[in-house]
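I opened my notebook to look up a few things in one structure.

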Amino acid sequence: MYALPFLVSILCAAGGDPVRAQAPALMQSRLRGTRTVVQDQELANAAARSKMFVTSSFAGDVLGQRYSDDDASCSAEGITPGVCALASLARLSSGQSVQTPGKVVDCDKQESRDRLERALIAEIESASAGNHSGIDAERLRSLEEELKPIYATLPREQRPDAAHGVEGGLGYAAARYLLHQHFLRRHAWYVRGLNPAGDGRRPPDDKEALRSRVAGHLLEVMENNAKHGLDLKMLAVFVATLEHLIHGDQRERLKQAWLVHGLKQEGTTTSEGLAQVLEVFMAHYVYVSQKVDSGYALTLPKAVQEVKTISRIYGGWPQIQTFIQEQVRKHEQLHDALSFDAAATAADAVLLLFQEVSGSMCHDMEKTFQSLERGQRGRVKLHELRSADGGDLFRESVEYLRQLGALEGEEFHVLMPNYMLGPSNCDGTTSFYDLCCPNACEVHKGHLERAMMADPLGDHVSLITRAVGERLGDISSEMLQWLEQLAKEHDGRVLIHGRAFAEWLHNIFPRECPKPRAADFKGMAGDIVPDANADFQPTTALKADLFEW
């Protein structure tokens, strides 16, 4: 007997009709977009026996019109299944549903989940096998080298053959932490589903929830198939796969900005037309509230309105427009007519430049912070911060700052690194990540990781003291004694990703390294690796109370 969720999938694919469930099911083969016919009379008979019936907002021949045609179109364009499935989630729902004993199931939601599951597995398997069209072997080797230092300093899973010198890989919490740190250091991205503290934004609907869960779901799939933890190669495959999916979805978002201007994908446009497309693309990237309503299924009037709104409320918009004009002029010199590929290349460049703009705005805020009394120690009074820079910039509520772990003491002192790394200081946003302020503490931690990897048998206290001294100079005797105590508690080892060392690091680098929160170490890894064991940060419940004026 087949399980109810699987029967729902069959019925949804058949338009909710048990009789039509006898028709062949169309499944996409691995990353090729071709369709394999699977016929099974037993499935059709089981579906008919389930006595379900459909309530739909439309009638007609839905089989072959729902996702199979979409997959074929993606295949023709060279779009891999994961990107194709994710793009479909940003479009409008069909409105079809199936009623089962006790509840009504949204077919669009059910099929979206099933389809995304298959597509993500296909992406991972193809990347692992080395035949992924968007990931080459050199990229994987480069990623392995990049991940080695942090990987070498994280706790490993135990293996039955560990006595023979064979180490296991990383468990779920350690792997998620490593991946979060990688994207944070590389791009200043807080990737949804990877942040040990929980995500900083709640998805507005079921489809967006599926899109935002991609990274977490990818990790779960890989971890479930790893017998003794995730090794370096598996982690490199994860990073490459997620980068491919994010970049592919970025191209799909650009395609929507192109199409709403009445342009054909294979057609061309003028310099003015390309500038308008890129402005719509970037406005949608920066403007959070519109994405909540529409994913990236824009209409032209909404797109134009977004550009007008963001140009009025966002201080960094003039710089973005300058970048766009520079890219347009660059491509104009190379081509008489500007194609969608030219737009895609320009969009990549503008996004990189925007990352610099966002980072520079964060640095300006840090300078304001440090100009205040005790700002050089990364700790200022709230009332002084709120009156700084004209009184319009630092307006987050007391409750938000408290939940963030950025507020302490009876006099309400704000901790600079905790505040700067909070979600209110994130600019660009997609379904998969928020672009936030660069984390200077990660530079220090990366330096420590490389030092410890270079001398795995060395004395931890000496290694850390020397590495910190290279950046800060000699540390005080008090801080040295504290470090020695941390090592003593773990037989000479210092757990540099744990809560106790994070506290030590905060005291060494108070402007760069945040003060750790006890709530961020509630998972199975305890105080060894951050894991809040929560899907969302507490600040996500404070939308109405985020700012005070």
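**Entry 1: a ring to begin with**

Is Phe394 buried or exposed? I note first that this is a predicted model. I looked up the relative accessibility of Phe394 and found 2%, so this residue counts as buried. The cut-off I needed for that step is under 20% relative accessible area.

Next I looked for a partner of this ring. Phe394 and Tyr419 form an aromatic pair, with 5.7 Å from centre to centre and 55° between the planes, and the pair is tilted. I wondered what this pair ties together. Phe394 sits in the loop between helix H16 (382-387) and helix H17 (398-404), while Tyr419 belongs to helix H18 (residues 416-420), so the pair joins parts that are 25 residues apart in sequence. I also checked Tyr419, which is buried at a relative accessible area of 1%.

How many aromatic pairs does the structure hold? I found 9 of them. One of these pairs is made by Trp258 and Phe340, an edge-to-face case with 5.7 Å between the centres and 80° between the planes. Trp258 has a relative accessible area of 0% and is buried. Phe340 is buried too, at 2%.

I also wrote down a cluster: ring pairs link Phe183, Trp189, Tyr285, Tyr314, Phe354 and Tyr433.

**Entry 3**

In what order do the strands of the open sheet stand? I read E9-E11-E10, which is 3 strands with antiparallel pairing. For Lys381, the bridge partner in E11 is His413.

**Entry 2: one asparagine**

Where is Asn439? I found this residue in the loop between strand E12 (433-435) and helix H19 (440-454). Asn439 is buried, with a relative accessible area of 12%. I followed its side chain and saw that the side chain of Asn439 reaches the backbone nitrogen of Cys441 at 3.0 Å. Leaving aside residues up to four places away in sequence, I listed Leu184, Leu421 and Glu512 as the residues that Asn439 touches.

Key. Residues numbered from 1 in each chain as written. Predicted model: local features only at pLDDT ≥ 70, side-chain atom pairs only at ≥ 80, totals over all residues. Heavy atoms only, no water. Pairing = 2+ DSSP bridges. Helix = DSSP H or I, 4+ residues; strand = E, 2+ residues; numbered from the N terminus. Phe/Tyr/Trp six-rings, centres within 6.5 Å; stacked < 30°, edge-to-face > 60°. Buried < 20%, exposed > 50% of the residue type's maximum accessible area, 1.4 Å probe, protein only. Polar contact = N/O pair within 3.5 Å; in protein donor to acceptor, adjacent residues only side chain to side chain. Contact = heavy atoms within 4.5 Å.
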